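Please keep the sequence and the structure in view while reading.

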Amino acid sequence: MSPSSVLQSPVLQSFIAGEWLGKQAGQALASPVNGEVIYHTHAEAIDFGCSLEFARTKGRASLMVMDFQSRASCLRDLGKYLLEHKESLYATSLLTGATRNDSWVDIEGGAGTLFAYASVGRRELPSGNLIHEDDAFPLGRDGQFFGSHILVPRQGVAVHINAFNFPIWGMLEKFAANFLAGMPCIVKPATSTSYLTEACVRLMQESGLLPEGSLQLIIGRTGDLLDRLDGQDVVTFTGSASTAAKLKITPNIINNSIPFNAEADSLNCAILAPDVSADSPEFDLFIKEVAREMTVKAGQKCTAIRRVMIPENQVQAVSERLTARLAKVSIGDPHLDTVRMGALASFEQKVDVLAQLEALLKSSQLVYGHEDGFELLGKGSEKGAFIQPTLLLSNDPDAEGGAHDIEAFGPISTLMPYKNIDHAIALAARGKGSLVTTLVTQDPEIARKVVPALAAWHGRVHILNEASSKESTGHGSPLPMLKHGGPGRAGGGEELGGIRGVKHYMQRAAIQGSPTMLSAVTGEYVRGGETYESDVHPFRRYFEDLRIGESLLTHRRTVTETDIVNFGCLSGDHFYMHFDDIAARDSQFEQRIAHGYFVLSAAAGLFVSPGEGPVLANYGLDTLRFITPVPIGDTIRARLTCKRKIDQGKLSPKGEPQGVVVWDVQVTNQHEELVASYDILTLVKKQFV
Ligand code: NDP
């Protein structure tokens with residue numbers, strides 16, 4: 001490294017209590033591409049008491065003046081802003097040794113997670129800051145004592161301790177969920193690549209979109225932060241199993257029952273099923289997937305394939321095909337377009353990976369790689385932290401240790417031959433819990449047998465065959481809508497998974513009380529609760545004017561044989577229960593009954609207010625149940641009650657402001673028995689934007 005680069009390299013800053021902190025140089029951070037010092041951490045100490053206080057007061061207050069819907073919009077806008085400025089992030093990301101392809105997952109994958117959570121918020125969360133988790137259910141006989149569950153934002157701070165391999169995605173996949181839930185966060189990225197996280201936080205801050213105190217950044221270590229947390233806080237960790245184990249038992253975390261979600265290193269595997277022959281498309285897919293997972297991010301992915309399970313009779317074919325593919329991977333300075341695999345993220349990582357490789361070689365043979373003087377592209381790259389993709393073959397997959405226990409966090413995988421599919425399942429479980437596994441098979445019967453066994457040990461099971469291959473997002477990509485995290489060695493934690501990820505930052509409480517009380521608390525009408533009726537039809541009211549519990553009891557209608565015949569002819573549904581007197585008599589209903597869909601349509605005819613009005617569209621119904629049959633001669637009526645209102649801040653295609661209104665519908669017969677029950681979903685015009 002040149003002395004001038006040491007002097008000139010900028011000092012990174014923490015973002016604490018609304019201020020950028022740090023002028024004096026601390027630890028030097030070297031580029032893994034050529035060894036030059038590129039940044040320094042800052043030497044100034046962080047006042048974590050002040051940081052927590054700021055998050056708990058300012059951060060929480062600024063998030064609580066918003067609601068799920070407005071925070072979802074904010075996530076979308078932040079995602080757009082990051083994409084507009086992504087090139088500056090790509091430029092910085094090259095310094096971590098990542099190719100553009102590698103960085104795509106980190107940068108655009110990170111922004112994509114913000115978009116995904118924006119859409120989770122809009123589609124699945126209500127207005128306000130409380131989730132009513134399940135429909136209230138009666139606990140007593142007279143319908144005046146109900147139970148249900150609610151979730152409210154935890155009143156503390158989410159502390160995220162992240163790994164070095166995804167400096168942006170690692171932050172955003174956690175931030176998106178805690179932000180939507182309404183919790184401020186303090187992010188501590190791994191020091192070695194913290195300059196890229198800092199660049200991203202700067203952009204987010206400059207966007208003007210971040211509510212005050214909602215995101216703070218630590219460059220360097222966490223000091224006494226974990227000792228200062230309390231029972232409303234949450235800690236998430238991604239990194240090594242040993243650090244996870246150490247931090248998890250911090251006395252303050254145990255004493256205050258602070259949730260600690262860990263995602264640690266895991267010995268993921270891919271299984272080539274015995275039905276796949278070497279000349280089938282699935283065989284090629286398997287080779288491609290393994291090679292890709294070994295080389296993307298230079299194998300520094302928590303999801304990378306470390307153990308490659310193959311039938312004993314395929315060892316030669318797999319070794320040859322994988323070797324040929326790996327030999328084509330050009331390695332070197334990621335600034336060059338021709339480079340397919342970049343450097344490890346730091347020199348410390350290179351030392352660590354080479355040590356683990358030596359340990360693996362005690363129980364395996366070298367198939368490809370680990371050569372002295374392998375070809376490197378780019379000036380100065382001989383001084384960088386590069387490692388050649390290296391393929392090993394296990395001497396005895398049943399033996400203790402080896403690739404079942406040792407993780408080399410780089411482009412290194414071990415072939416493990418198996419005797420039959422039960423043997424493969426047993427070997428997969430020897431990883432003691434992993435984030436993900438891929439099963440490559442053409443046979444649905446094999447999938448049916450193998451996947452449930454794999455699911456007990458793996459957070460995600462990816463089944464790959466020719467049919468899914470074009471659209472497959474791949475073994476190594478955690479998706480925002482699917483859970484990420486695995487049991488046992490993988491840390492035992494869970495992240496993402498759509499709405500599930502948000503709930504990690506919320507507190508669940510069971511609530512009990514009368515329907516009116518539960519309606520008041522949840523903001524949702526609970527059957528049996530107070531209703532409000534007036535001369536104005538609820539469909540004639542604008543979104544803002546509708547009250548939860550506003551209700552309409554319709555006039556009655558007697559169902560005739562003509563109704564059934566007309567509906568059958570109109571719909572073409574001549575099911576015997578409606579048209580065959582003899583078969584209907586032999587059925588459990590002992591007579592002909594009206595179509596369930598006729599009852600639905602007739603109910604709509606009873607409760608709809610036909611004139612042009614604020615109700616703009618009916619876009620579906622939920623929770624439909626036909627409860628009591630309606631024979632010819634029964635008389636039905638409907639009760640329509642405003643159950644839930646969601647203001648998504650959206651406009652109709654014609655530019656009119658609108659909100660979602662969910663209506664509870666109960667159709668009853670002349671004995672007051674419930675005939676049909678459902679929610680209808682409508683879009684209702686707002687008077688104001
Ligand atoms: P570490 O477990 O050492 O570090 C992970 C994070 O924890 C970093 O932010 C690190 O900060 C922080 N940390 C470490 N010690 C403490 C502490 N005492 N108090 C507070 N924070 C702490 O993992 P590395 O990033 O060094 O990677 C080591 C190994 O972990 C890899 O070789 C790989 O096996 C595994 N790994 C697993 C990943 C996964 O996603 N499951 C991802 C990355 C790595 P700092 O950087 O400042 O030390």
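Helix axes are lines fitted to C-alpha atoms over the stretch in contact, and the angle between two axes runs from 0 to 180 degrees between their N-to-C directions. Contact means heavy atoms within 4.5 Å. Helices (H or I, at least four residues) and strands (E, at least two) are DSSP runs, numbered from the N terminus.

This is a predicted model, in which local features need pLDDT of at least 70 and side-chain atom pairs count only at pLDDT 80 or more, while totals for chains, interfaces and linings use all residues. Residues are numbered from 1 along each chain as its sequence is written, and side-chain values use heavy atoms, with hydrogens and water left out.

## The chain as a whole

The protein chain contains 21 helices and 28 strands. Its C-alpha atoms fill a box of roughly 90 × 60 × 50 Å, taken along the principal axes. A residue is called buried under 20% relative accessible area, exposed over 50% and partly exposed in between (1.4 Å probe, protein chains only). By this rule, 56% of the 689 residues count as buried. Among contacts between residues at least 6 apart in sequence, 75% join residues at least 24 apart.

## Helices 6 and 7

Helix 6 (residues 169-181) packs with helix 7 (residues 194-206) at an angle of about 45°, and their axes are 10 Å apart. This makes helix 6 oblique to helix 7.

On the helix 6 side, Met 171, Leu 172 and Phe 175 take part; they meet Thr 197, Cys 200, Val 201 and Met 204 of helix 7. The residues of this contact comprise 6 nonpolar, 1 polar and no charged. Here Ala, Val, Leu, Ile, Met, Phe, Trp, Tyr, Cys and Pro count as nonpolar, Asp, Glu, Lys and Arg as charged, and the others, Gly among them, as polar.

Thr 197 lies in helix 7 and is buried, at 1% relative accessibility. With neighbours within four places in sequence left aside, Thr 197 touches Pro 167, Met 171, Pro 189 and Leu 217.

Glu 198 also belongs to helix 7. Is Glu 198 buried or exposed? Glu 198 is buried, with a relative accessible area of 8%. Beyond its neighbours within four places in sequence, Glu 198 is in contact with Leu 12, Gln 13, Trp 20, Leu 217 and Ile 219. Ile 168 is 30 residues from Glu 198 in sequence, and the two are 9.1 Å apart in space, C-alpha to C-alpha.

Leu 12 counts as buried at 1% relative accessibility. Its contacts, apart from neighbours within four places in sequence, include Leu 21, Tyr 39, Ser 194 and Tyr 195. Leu 12 and Gly 22 are 10 residues apart along the chain, and their C-alpha atoms are separated by 6.8 Å.

| Helix | Buried residues | Packing partners |
|---|---|---|
| Helix 11 | Val 315, Val 318, Ser 319, Leu 322, Leu 326 | strand 13, helix 10, strand 14, strand 15, strand 16, strand 17 |
| Helix 12 | Gln 349, Val 353, Leu 357, Leu 360 | strand 15, strand 16, strand 17 |
| Helix 13 | Ile 421, His 423, Ala 424, Ile 425, Leu 427, Ala 428, Ala 429 | strand 13, strand 14, strand 17, helix 14, strand 19 |

The expected span is 1.5 Å times one less than the number of residues. Seen down the axis of helix 11, the buried residues fall within an arc of 100°, so they line one face of the helix. The arc is that of the directions from the helix axis to the C-beta atoms.

Helix 12 (residues 347-361) has 15 residues and reaches 21 Å from its first C-alpha to its last, close to the expected 21 Å. The buried residues of helix 12 fall within an arc of 70° down its axis, so they too line one face. The face turned away from this buried side carries the exposed residues Glu 348 and Val 351.

Helix 13 (residues 421-429) is mostly covered, with 7 of its 9 residues buried. Ala 426 lies in helix 13 and is partly exposed, with a relative accessible area of 42%.

How values were computed. Parallel < 35°, antiparallel > 145°, perpendicular 65-115°, else oblique.
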